[in-house]
Amino acid sequence: MNTIMRKSVLSVAGLAFAGGVFAGPIAAHANPVDAKPVAVAVQSAAPKPQGEQSRIALNDEQTANVKAIIAATKKAGLPERAAVISIATSLQESKLENLGHLGDRNDHDSLGLFQQRPSSGWGTPEQITNPEYSTTAFLKGLKQVDGWQNMPLTDAAQTVQVSAYPDAYAQWEQQATDLVAQHWNS
């Protein structure tokens, strides 16, 4: 969790605590006024895809990478939603191609399905270009995002990836959802 978000969460928690401490004793002695149960909406499904959706045709290598992402997600004990976020992220970062160094087209050391950087601590070039390793590294970051299961895909992916184009992940959600539905049980 980044510092700004952590401070915001702690501030809200502090206000809620303080409100409970100060209002609690007063509220305990107050006369109840027609107390009625309040209905609370609980979101049980993942959010719907946001914005205009993109789609590409996949070759055998890309399909194999989809299956590798799904296998790593299952191995990590995570649900289909994690695979959807992972595949959408990889669609944006590499079009599901396990990219090596891009030479002059790349001003950083980004590699693999998720364009992870050895210099940012994602692993060695050999590790990052291993689909199982790179997916597991991405999922490790995703698990650290509070509420990732129910937040918009692009927010979850951006929190892990810290991309210069934070909204770009959303366009791949429908294709990623379709791919997971197609390959999750295969």
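Setting aside its neighbours within four places in sequence, I56 is in contact with Q62, L91, K95, W172 and Q175. Before I go on, keep in mind that this is a predicted model.

So where does I56 sit? It's in the loop between helix 1, which is 3-29, and helix 2, which is 60-75. I56 and Q175 are 119 residues apart along the chain, yet their C-alpha atoms are separated by 8.3 Å.

In general, you describe a pair of packed helices by the angle between the axes and the distance between the axes. Here the axes of helix 3 and helix 7 come within 8 Å, and they cross at roughly 130°. That angle makes helix 3 oblique to helix 7. As for handedness, the crossing of helix 3 past helix 7 is right-handed. Who makes the contact? From helix 3 you have E80, R81, A83, V84, I87, A88 and L91, and from helix 7 you have E173, Q175, A176, T177, L179 and V180. Sort those residues by type and you get 8 nonpolar, 2 polar and 3 charged.

On to the core. The largest nonpolar core has 34 residues, and the ones touching the most other members are I85, I87, L142 and W148. Which elements give two or more residues to it? Those are helix 2, helix 3 (80-94), helix 5 (131-143), helix 6 (153-161) and helix 7 (173-183). Helix 3 gives the most, with 7 residues.

Take L142 from that group. Leaving out neighbours within four places in sequence, L142 is in contact with A82, I85, W148, A156 and V160.

Last stop, helix 6, where we find Q158. Why does Q158 count as buried? Its relative accessibility is 18%, and the cut-off for buried is under 20%. Not counting residues up to four places away in sequence, Q158 touches S163, P166 and Y169.

That's my tour. Happy to go back to any of these on the screen.

Notes: Residues are numbered from 1 along each chain as its sequence is written. This is a predicted model: local features need pLDDT of at least 70, side-chain atom pairs count only at pLDDT 80 or more; totals for chains, interfaces and linings use all residues. Side-chain values use heavy atoms; hydrogens and water are left out. Helices (H or I, at least four residues) and strands (E, at least two) are DSSP runs, numbered from the N terminus. Contact means heavy atoms within 4.5 Å. A nonpolar core is a set of buried Ala, Val, Leu, Ile, Met, Phe, Trp, Tyr and Cys residues joined through side-chain atoms within 4.5 Å. Buried means under 20% relative accessible area, exposed over 50%, partly exposed in between (1.4 Å probe, protein chains only). Axes are lines fitted to C-alpha atoms, for helices over the stretch in contact, and angles run from 0 to 180 degrees between N-to-C directions. Angles under 35 degrees count as roughly parallel, over 145 as roughly antiparallel, 65 to 115 as roughly perpendicular and the rest as oblique. A crossing is left-handed if the near helix is turned anticlockwise from the far one by less than a right angle, and right-handed if clockwise. Ala, Val, Leu, Ile, Met, Phe, Trp, Tyr, Cys and Pro count as nonpolar, Asp, Glu, Lys and Arg as charged, and the others, Gly among them, as polar.
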